[in-house]
Amino acid sequence: NVGGVLANPRLEVYTGNNPNPVLTNDDWATKAGGAAQVTAIQQATQRAGAFILANNSLDAVVMATLPPGQYTVQAKGPANNPNASGVVLIEVYDVTPNLATAGRAVNVATRGSVGTGTNILIAGFVVNGTVARRVLIRGVGPTLANLGVPGVLVDPQLTLVDQATGRTLATNDNWASGEDAAIIAAAARSAGAFPLANGSRDAAILVMLPPGAYTAQLSG
């Protein structure tokens, strides 16, 4: 029931400073690898617990074995309509089968526009395993202007929601205004995240989360 979707997304994966995508897909069920690759994607989807894509859908999927490093995923319109626009959900799953030592995603970020009502920026994530994890969540607006990003949200507000119950777990507006500002700054350094200026209007939440599904919501 998401409105205004991008009807035919194309997915591109970039690594490091390489200006050319290392992986790309448009229409997941027409993979160059043929039927075997499509079956592998279907099996990986079930293994990850992700929702199923119809065989004839125009959604895009990339599945690959990636070495440790930094990656960027971009969704855009198809090659024959590159100016197409709309809402896209980008998901990333670790689907390595029979992995003895589980990997982890560190410093996952997304850049998007924040609207109002149903058009606020929403990011979902899952904490798996059997123990609680210490998680740093940031909603960065003003500091992006210092990095050359135009049209930033000058005063974002961050809300953390438990998807299972719909309960709001934490909110923040202006990260440095709380008593845990020094701890948040230290956590950012530990994660390799760029620093936020003391007194900036960016938002941040540092919280221990038990296994489960969560939503970080960013609004004005």
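Predicted model: local features only at pLDDT ≥ 70, side-chain atom pairs only at ≥ 80, totals over all residues.

User: What elements does the protein chain have, and in what order do they run?

Analyst: The protein chain has 3 helices and 9 strands. From the N terminus on, the order is β-β-α-β-β-β-α-β-β-α-β-β.

User: How many of the contacts join residues at least 24 apart?

Analyst: Take contacts between residues at least 6 apart in sequence. Of these, 71% join residues at least 24 apart.

User: How do you know that Ser-219 is buried?

Analyst: Buried means under 20% relative accessible area. Ser-219 has 18% relative accessibility, so it counts as buried. Buried residues make up 27% of the 220 residues in the chain.

User: Where is Ser-219, and which residues does it touch?

Analyst: Ser-219 is in strand E9, residues 212–219. Leaving out residues up to four places away in sequence, Ser-219 touches Val-114, Ile-120, Leu-153, Asp-155, Pro-156 and Gln-157.

User: What makes a set of residues a nonpolar core?

Analyst: The residues must be buried, of nonpolar kinds such as Ala, Val, Leu or Ile, and joined through side-chain atoms within 4.5 Å. The largest such core here has 13 residues. Among those with the most contacts inside this core are Ile-137, Leu-158, Ile-205 and Tyr-214.

User: Which strands supply at least two residues of this core?

Analyst: Strands E5 (133–139), E6 (157–162), E8 (203–209) and E9 each do. The largest share, 4 residues, comes from E8.

User: Which residues are in contact with Ile-205?

Analyst: Leave aside its neighbours within four places in sequence. Ile-205 is then in contact with Val-135, Leu-136, Ile-137, Leu-158, Leu-160, Ala-170, Thr-171 and Asn-172.

User: How many residues does the other core have?

Analyst: Another core, of 9 residues, lies apart from the largest one. Leu-144, Trp-175, Ala-187 and Ala-204 are among its members.

User: How many positive and negative side chains are there?

Analyst: The chain has 12 positive and 12 negative side chains. The centres of the two sets lie 6 Å apart.

How values were computed:
Residues numbered from 1 in each chain as written. Heavy atoms only, no water. Buried < 20%, exposed > 50% of the residue type's maximum accessible area, 1.4 Å probe, protein only. Contact = heavy atoms within 4.5 Å. Lys, Arg positive; Asp, Glu negative; His and termini not counted. Charge placed at Lys NZ, Arg CZ, Asp CG, Glu CD.
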